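Please open the structure in your viewer and keep the selection tool at hand. The stops below go from the whole assembly down to single residues.

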Amino acid sequence: MSRVIPGFPLSFGITLLYLSLIVLLPLGALVWTALDIGWERYIAIMTGARTASAFRVTFLTAFGATAFNAVYGLALAWVLVRYDFPGKRLLDALVDVPFALPTAVAGIALSALLAKNGWFGAPLAQLGISVAYTPLGIAVAMAFTSLPFVVRTVQPVLEDLAADVEEAAATLGASDARIFARVIFPAILPAFATGCALGFARSLGEFGAIIFIAGNLPLKTEVVSLLTFIRIEEYDYPAAAAIAATLLGIAFALLLTINMLQLWQQRRMGTAD
Amino acid sequence: MARQPLPEPSARPRQRVGDGPRARAVIIGGVLALAALVLVAPLVAIFTEAFRHGAGAYLAALAAPDTRYAVYLTLITALVVVPINIGFGIAAAWTIAKFSFPGRNLLLALVELPFSISPIIAGVAYLFVYGAQGLLGPFLEAHDIKIMFAVPGIMLASLFVTAPFVARELVPLMLAQGTEEEEAAVTLGAGGWRILRLVTLPNVRFALLYGAALCNARVMGEFGAVSIVSGNIRGQTNTMPLQIELLYQDNNAIGAFAVATLLTLVALVTLIAKVIIERIDAARARTTGAGH
C-alpha cells in the first residue's frame, strides 16, 4: 500500500460524503428523535404491554429459527464440503435462494405452503399442528430468510480443515462422534457462532417474510418490526422512534459481538497455519 | 469400520469422519429431503399459484394497470439507484483497497453497516429526516419539495439498503490483487482515471458485474424500507413488492403471485450469474495458479 497511486482525496471524499448523507444522517436523525423523547417516556413505551410482548415474541421466535438453522445449516455445509453426489452444485446454488428471493415473495410463498389448505399446512393440520398465524409461522419465516448465514460462514472453514488431525484421532481409536465433538466442532466453532449471530440479527429485524404468515395479532403474533411500522402508520412517532432506536442498539451490540467472533476466528486460523 | 493398522500415506483416500456408507446416506438424504421442502417448494409454489387458472389469467393479472405501473416504477428506481451505488462501490473499494490510512477499518465497517440494520429501521430513519416532522421537514415544506410518500423517498431508502453490495464484492478482490499493477501504471505516466478505467476495473469486472446484479435484485425486491417511506399509494408509489402485498391483501392471489414470478425470475438470473462467475474465477485461478 502506498500513496503513489493518485485519486485518494477524491475517492475518500466521495465515499465519506455519500456515507454521511445516505447512512449517517438518517441514523443520526433516528437517534436524535429517540433522545428527544426523554427517559421516562421511553421506559413507558418500552414496558407497555404491546411493545414488551412484541420484543418477547420476536426474541423467542428468532431463537427458535436460529436453533433450527444451527443444526440444518451445519448439516448443509457438511454435506457440501465432505461429500460428492449428483446435484451437489445445484444444492450449493439453492442455498442462496433465501438471500436472492425478495422477502415479500418469500412471505406469500411460505404463507401459501403453510396455510390450512396448503401443501404443508393441510397434512400438518391433520396432525393438529397449525403454523400459519402462530409464533411457529414467524419462526419458519425467520429460519427461511436467515438460513444461508450458517452455511456460508461454516463452509470455507470446514473446507480448510486438515485431514491429518482427524486421522490422528482415528488412529488413536476415537469414534466418529467423538472426533466430531472433540476435534472438528471446536475448529469450526468461531465461524459457526458467527453464522448463528448473523442469522439471529437478521431474524430480529425481519419484516417482509413474516407479516404474511404471522397473523399479526397484538400481544400474540406481532413482531417488533411490524409494531414499528404500525406506530408509524398511527403517526405515533415517539413510540416508533423508541422501538426503532432500541432495535438499532441491539443491532450494534450484535455487530460488535460478530466482530469479536471474527477476531477469534482469525486468531484461530492464524495459529492453525 | 475396518481400519487398516498403518496405511501408506499415498494410498487410497482414507476414511474421514462421516465417511461410513450408512452415515453418508442418512446425512445426504436428510439434507436433500429438507432442501426440497425448505428451498425448492417455495419456488415451485410461486409458479403453481401464479398459473393456477392458466396462462391467460396470469397474463391478464400482469397487464392490470396498477401492476404495470408498479413494474415501471420498480424499473425506474433500479435505473437510478444501481448506477449510483456502482459509483459509490467503486469509490469506496478504491479508497479502502488501494490506500492505507488511519480509520480504514472503521470506513469499511461504515460501508457495510446497512447490511446489519433492519430495513424497517432504515425506513423510519429516513422519515425522521425528510418527513413533515423530520429534521429537514420544515425546509422541504417551505420549498414545496416532496420526498416522503413519493418516488424520491423510495429511491433514497433503496440507496441506503443496497449501498454495500458493490463495495462488498470489490473490496476483498482488490485487496487480494494488491497495488503493483496500479503502481506500474503510475510509473508509466498514467493518471488516476486512466488507471481506474484500464487497469483496476478490468481486473475486477466480474465481481463488479455480480455486485451490480445483487444490488439490482435487492433494489427491485426491497420491501420493508420502501413500505415505510412510500405511503402505498396505488398507481403512484407502489413498487412491485408493495403491489404484491396489496394484491395479496385484496385476496387477488393470482395477481400477487404473478408479480412474484417476475421478481423470482430476477432472483434466479442473479443466482445463475453467480454460478457462472464463480466458474470463470475457478478456471482463471487454475490457469494462473494464483487466487486472482
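How much area do chain A and chain B bury between them? Colour the two chains separately: together they bury about 7,900 Å², 78% of it on carbon and sulfur atoms. Buried area here is the accessible area (1.4 Å probe) that two parts lose on being put together, summed over both. The size of an interface is often given in this way, as the accessible area lost when the parts come together.

Some ground rules before going on: this is a predicted model, in which local features need pLDDT of at least 70, side-chain atom pairs count only at pLDDT 80 or more, and totals for chains, interfaces and linings use all residues. Residues are numbered from 1 along each chain as its sequence is written, chains are lettered from A and ligands numbered from 1 in the order in which they are written, and side-chain values use heavy atoms, with hydrogens and water left out.

**The interface of the two chains**

Select the residues in contact (heavy atoms within 4.5 Å). Chain A contributes 91 residues and chain B 90. The rule finds 2 salt bridges across this interface; a salt bridge is a side-chain nitrogen of Lys or Arg within 4 Å of a carboxyl oxygen of Asp or Glu. Now pick B:Arg16 and A:Glu166, which form a salt bridge with their closest N and O atoms 3.1 Å apart.

**The domains of chain A**

Select residues 1–37 of chain A for domain 1, then 38–272 for domain 2. These bounds come from an automatic or database domain assignment. The C-alpha centres of the two domains lie 30 Å apart. Where they meet, 8 residues of domain 1 are in contact with 10 residues of domain 2. The two domains of chain A bury about 660 Å² between them, 82% of it on carbon and sulfur atoms. How many salt bridges cross this interface? The rule finds 0.

**A:Leu226**

Go to helix α12 (residues 224–233) of chain A and select A:Leu226. Helices are DSSP runs (H or I, at least four residues), numbered from the N terminus. Is A:Leu226 buried or exposed? A:Leu226 counts as buried because its relative accessible area is 7%, and buried means under 20%, exposed over 50%, partly exposed in between (1.4 Å probe, protein chains only). Leaving aside neighbours within four places in sequence, show its contacts: A:Phe207, A:Ile211 and A:Asn216.

**B:Leu135**

Last, select B:Leu135, in the loop between α5 (119–130) and α6 (137–142) of chain B. B:Leu135 is partly exposed, with a relative accessible area of 44%.

Terms used: Helices (H or I, at least four residues) and strands (E, at least two) are DSSP runs, numbered from the N terminus.
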